[in-house]
Amino acid sequence: MKKSINIRNLIITMLCITIIFMGVGFAFLAVKLEEKCSVEENFDVVITKVEAQTSIKGGNSAPIATKELVDDGKTIKFNFTMNNPNDELAYEITIKNTGTLPAKIIRLVSTPDYISDQKASSSIEPVVITHTKIKNKILNPDETTTVKLVIKYNMSNNPKQIYIPYQLTVLATSKNK
């Protein structure tokens with residue numbers, strides 16, 4: 001009889017210990033789940049770097065350019081002064097997804113749109129602005145892509161100094177949308 005009481009007490013003790021360990025394990029999992037749920041997922045595509053590449057001087061004075069990142073890195077403002085035919089400026093623009101979700105680049109918005117708008121492009125003739133197309137490019141978190149921007153003063157019968165204000169804005173959305 002005493003042996004069956006000891007076995008019963010041992011079983012009760014083991015069950016109590018099991019319940020205690022299950023409670024501790026549940027509390028640990030609840031904390032880990034809360035940490036995982038509290039992480040806010042977002043996407044944020046920004047211009048991180050703008051590097052001047054080649055600068056070609058077509059005459060006595062070199063072309064001049066200034067740049068400024070604005071709008072929390074979403075827009076870059078340029079001011080170009082092209083002095084002579086054959087002047088050329090080139091920039092490599094690095095765009096990065098600093099968020100935690102994959103992002104889709106909708107497009108690059110040029111203001112004024114010297115590339116697609118005939119009226120705007122004729123206002124700066126014979127200067128031509130081009131850039132790499134990255135429409136619908138998917139950027140995973142911490143992934144980057146580059147855009148090559150080229151400003152070229154083509155040959156002209158009437159050479160003159162041309163001042164060009166220009167800005168480039170990155171429009172992106174969550175890949176899941």
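Val 50 stands opposite Ile 93 in strand 4, a strand in which eight of the 10 residues are buried. The model is predicted: local features need pLDDT of at least 70, side-chain atom pairs count only at pLDDT 80 or more, and totals for chains, interfaces and linings use all residues. Residues are numbered from 1 along each chain as its sequence is written, and side-chain values use heavy atoms, with hydrogens and water left out. Helices (H or I, at least four residues) and strands (E, at least two) are DSSP runs, numbered from the N terminus. Buried denotes under 20% relative accessible area, exposed over 50%, and partly exposed the range in between (1.4 Å probe, protein chains only).

**Overall form**

- The protein chain contains two helices and nine strands, and its pattern along the sequence reads α-β-β-β-β-β-α-β-β-β-β.
- Its radius of gyration is 31 Å, well over the 16 Å that the globule rule gives for 177 residues, so the chain is more spread out than a compact globule. The radius is taken over C-alpha atoms, and the globule rule is 2.2 Å times the number of residues to the power 0.38.
- The C-alpha trace spans about 115 × 30 × 20 Å along its principal axes.
- Buried residues make up 31% of the 177 in the protein chain.
- Of the contacts (heavy atoms within 4.5 Å) with a separation of 6 or more, 78% involve residues 24 or more positions apart.

**Surface and charge**

- The chain has 22 positive and 17 negative charges, and their mean positions are 8 Å apart. Lys and Arg count as positive and Asp and Glu as negative, whereas His and the chain ends are not counted. Each charge is placed at NZ of Lys, CZ of Arg, CG of Asp or CD of Glu.

- Strands of a sheet pair through backbone hydrogen bonds, either parallel or antiparallel. Here, two strands pair if DSSP finds at least two bridges between them.
- Strand 4 covers residues 88-97 and pairs with strand 1 (residues 45-56) in the antiparallel sense over nine bridges.
- Strand 4 also pairs with strand 8 (residues 144-153), again antiparallel and over nine bridges. Within this pairing, Glu 88 has Lys 152 of strand 8 as its bridge partner.

- Five strands in the order 2-3-9-5-7 form an open sheet with antiparallel pairing. Strand 2 (64-70) and strand 7 (138-139) stand at the edges with a single partner strand each, so one side of each is left without a neighbour in the sheet.
- Strand 3 (residues 75-82) and strand 9 (residues 162-174) run antiparallel and are joined by eight bridges. Thr 81 has Tyr 163 of strand 9 as its bridge partner.

**His 131**

- His 131 belongs to strand 6 (residues 127-131) and counts as buried, at 13% relative accessibility.
- Leaving aside residues up to four places away in sequence, His 131 touches Leu 108, Ser 110, Ile 115, Val 147, Lys 148, Leu 149, Tyr 166 and Leu 168.

**Backbone exceptions**

- Most residues other than glycine have a negative phi, and most peptide bonds are trans.
- The Thr 111 to Pro 112 peptide bond is cis, with omega near -15°. Pro 112 occupies the loop between strand 5 (103-111) and helix 2 (118-123).
- Glu 125 and Pro 126 are likewise joined by a cis peptide bond, with omega about 10°. Pro 126 is placed in the loop between helix 2 and strand 6.
- Asp 71, although not a glycine, has a positive phi of about 55°; this residue lies in the loop between strand 2 and strand 3.
- Asn 86, also not a glycine, has a positive phi of about 75°. Asn 86 sits in the loop between strand 3 and strand 4 and counts as partly exposed, at 36% relative accessibility.

**Asn 136**

- Asn 136 is located in the loop between strand 6 and strand 7 and is partly exposed, with a relative accessible area of 41%.
- Residues up to four places away in sequence aside, Asn 136 touches Lys 104, Ile 105 and Ile 106.
- The C-alpha atoms of Asn 136 and Ala 172 are separated by 8.7 Å, with the two residues 36 apart along the chain.
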